[in-house]
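Keep the structure open beside you as you read.

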Amino acid sequence: MTSSCTIRAALPSDEAAWRRMWRGYCDFYRAQVPEETTRRTWSRILDPDSAVMCIVAEVDGQVYGFANCVVHENTWETQPVCYLEDLFVMPSARGHGLGTALIEWLRNAMRAEGWARLYWTTKADNAPARRLYDRFTQADGFVRYVIRQK
C-alpha cells in the first residue's frame, strides 16, 4: 500500500474523509469534541496563516490517514518546533506503513524547514501506536499534566 501512497497537505476536498477519520480518532480517545471546535480546526488547517497544518496519506485517490500538527516557537531552541498533535490511520489501512510514511514526511519537513524537533504524546497503554513510535525514537520519560478551564 505504501508504494502507491502519497503524503500531501490536506485540501478543501478532503474535508469529508478528514471528518470521518477525526470522528474515529476522537472515539478512540473517548473525546467529546464539539462541532464548533471541529469546524474551527478544519478552518485553521486550510488557513495558510495558521500554525495548524494537516497532512494526509492518500492511496489510489482515497485518504486513509492524517497527521494534524502545530508548528510553534519555544523557549529551549531558537528554531520553531513541530508538535504532532493527532495521528490517525483508518483501521482497514493499518499495518501498511501509512503511519510510518506520515511521520517520515514530517521528519523530512523538520530538516527542510529547520524545525529544532518533532514531538508528540500518546496514551501509555496505546501499544500499537507505541510500537510505531518506538521505531523512530524512545519515549523521553516526561509525564504530562493538564489543567482545564471549567
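## Charges and ground rules

Let's begin with charge: the protein carries 19 positive and 18 negative side chains, and the centres of the two sets lie 7 Å apart. Here Lys and Arg count as positive and Asp and Glu as negative, while His and the chain ends are not counted. Each charge is placed at NZ of Lys, CZ of Arg, CG of Asp or CD of Glu.

This is a predicted model, in which local features need pLDDT of at least 70 and side-chain atom pairs count only at pLDDT 80 or more, whereas totals for chains, interfaces and linings use all residues. Residues are numbered from 1 along each chain as its sequence is written, and side-chain values use heavy atoms, with hydrogens and water left out.

## Overall build

The protein has 4 helices and 5 strands, which follow one another from the N terminus as β-α-α-β-β-β-α-β-α. Both kinds of element are DSSP runs numbered from the N terminus: helices are H or I with at least four residues, strands are E with at least two.

How does the radius of gyration agree with that of a compact globule? For 150 residues such a globule would come near 15 Å, and the protein has 15 Å, so the two agree. That radius is taken over C-alpha atoms, and the globule rule is 2.2 Å times the number of residues to the power 0.38. Along its principal axes, the C-alpha trace spans about 40 × 35 × 35 Å.

## Surface and contacts

Of the 150 residues, 38% count as buried. Buried means under 20% relative accessible area, exposed over 50%, and partly exposed in between, with a 1.4 Å probe and protein chains only. The protein exposes about 9900 Å², of which carbon and sulfur atoms supply 50%; these areas come from the Shrake-Rupley method with a 1.4 Å probe, and for residues only the protein chains shown count as cover.

A contact means heavy atoms within 4.5 Å. Among contacts with a separation of 6 or more, 60% are between residues 24 or more positions apart.

## Cysteines

How many disulfides does the whole structure hold? A search finds 0, where a disulfide is a pair of cysteine sulfur atoms within 2.5 Å. Cys82 is in no disulfide, and its nearest cysteine sulfur, that of Cys69, is 4.1 Å away. The sulfur of Cys5 has its closest cysteine sulfur in Cys54, but at 13 Å that is too far for a bond.

Buried or exposed? Cys5 counts as buried because its relative accessible area is 17%. Cys82 is buried too, with 0% relative accessibility.

Cys54 sits in strand β2, residues 52-59, and is buried at 4% relative accessible area. Leaving aside neighbours within four places in sequence, its contacts include Arg8, Trp18, Ile45 and Asn68. Glu73, 19 residues away along the chain, has its C-alpha 18 Å from that of Cys54.

Ile55 also lies in β2 and is buried, with a relative accessible area of 2%. Beyond its neighbours within four places in sequence, Ile55 is in contact with residues including Ile7, Phe66, Leu102 and Trp105. Ile55 and Asn68 are 13 residues apart in sequence, yet their C-alpha atoms are 6.7 Å apart. Asn68 belongs to strand β3 and is buried at 3% relative accessibility. Among the contacts of Asn68, again leaving aside neighbours within four places, are Trp22, Met53, Cys54 and Tyr83.

## Loops

Arg30, in the loop between α1 (15-28) and α2 (35-46), has a positive phi of about 50° although it is not a glycine. Asp60, in the loop between β2 and β3 (62-72), likewise has a positive phi of about 50° without being a glycine. Arg30 is exposed at 75% relative accessibility, and Asp60 is exposed at 71% relative accessible area.

Where is Asp14 found? Its place is the loop between β1 (5-9) and α1. Asp14 is buried, with a relative accessible area of 6%.
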